[in-house]
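Trainee: Could you help me learn to read contacts and rings in a model like this one?
Mentor: Gladly; let us look together.

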Amino acid sequence: MSRGGSTRSAARRRKRRAASWLRFAAPLVALVVRALACTWRVRFEGPEPWSSEDARIGALWHRNLIAAAGVFRDRGLHPTVSRSRDGDFAVAVVRWLGFAEPPRGSSRTAAVSLLREVNRVVEAGGQIVVP
């Protein structure tokens with residue numbers, strides 16, 4: 001067997017392990033976020049974000065991601081997510097939390113395709129969350 005073949009098979013094994021880990025961890029993380037969110041008392045100052053049909057794009061700080069995921073779950077919002085391995089995990093978790101299919105990309109990689117996806121979602125009447 002060639003050296004390149006063993007490297008490819010090792011990469012495939014790592015990818016399968018990562019996929020099985022995601023299947024187990026994502027629902028568990030989503031369950032913890034849902035459980036925590038049930039204990040929070042949330043108060044909005046001003047109008048509640050995304051309560052209006054006119055609201056299409058909203059932004060939040062990364063430090064508030066877990067709280068926002070708990071508060072805005074099950075509303076069909078589209079959070080933007082990077083195309084990294086961490087992004088794969090984030091997508092798996094937000095699906096379990098009731099978010100819609102996230103546009104993927106970042107300002108450094110795939111920015112143009114991300115903007116196209118965001119535009120498509122907004123034109124279709126969807127609402128975008130940008131962390």
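Mentor: A polar contact is a pair of N or O atoms within 3.5 Å; within protein, one must be able to donate a hydrogen and the other to accept it, and residues adjacent in sequence count only if both atoms are side-chain atoms. Before we use that, note that this is a predicted model, where local features need pLDDT of at least 70, side-chain atom pairs count only at pLDDT 80 or more, and totals for chains, interfaces and linings use all residues. Residues are numbered from 1 along each chain as its sequence is written, and side-chain values use heavy atoms, with hydrogens and water left out.

Trainee: Which side chain does Arg-104 join through a polar contact?
Mentor: The partner is Asp-88, and the contact between the two side chains is 2.8 Å.

Trainee: Where is Arg-104 found?
Mentor: Helices (H or I, at least four residues) and strands (E, at least two) are DSSP runs, numbered from the N terminus. Arg-104 sits in the loop between helix H3 (85-96) and helix H4 (111-123).

Trainee: Is Arg-104 buried or exposed?
Mentor: Buried means under 20% relative accessible area, exposed over 50%, and partly exposed in between (1.4 Å probe, protein chains only). With 18%, Arg-104 is buried.

Trainee: And which residues does Arg-104 touch?
Mentor: Contact means heavy atoms within 4.5 Å. Leaving out residues up to four places away in sequence, Arg-104 touches a set including Val-81, Ser-82, Asp-88, Val-91, Leu-114 and Glu-117.

Trainee: Now the rings. How many aromatic pairs does a search of the whole structure find?
Mentor: A pair of aromatic rings is described by the distance of the centres and the angle of the planes. Rings of Phe, Tyr and Trp (its six-membered ring) pair if their centres lie within 6.5 Å; planes under 30 degrees apart count as stacked, over 60 as edge-to-face and the rest as tilted. The search of the whole structure finds 1 pair. The centres of Phe-44 and Phe-72 are 6.0 Å apart with planes at 35 degrees, so the pair is tilted.

Trainee: Which parts of the chain does the pair link?
Mentor: Distant ones: Phe-44 is in the loop between helix H1 (3-37) and strand E1 (57-59), while Phe-72, 28 residues apart from it, is in the loop between helix H2 (65-71) and strand E2 (78-79). Phe-72 is buried at 8%, whereas Phe-44 is partly exposed at 33%.

Trainee: How many helices and strands does the protein chain have?
Mentor: The chain has 4 helices and 3 strands, running α-β-α-β-α-α-β from the N terminus on.
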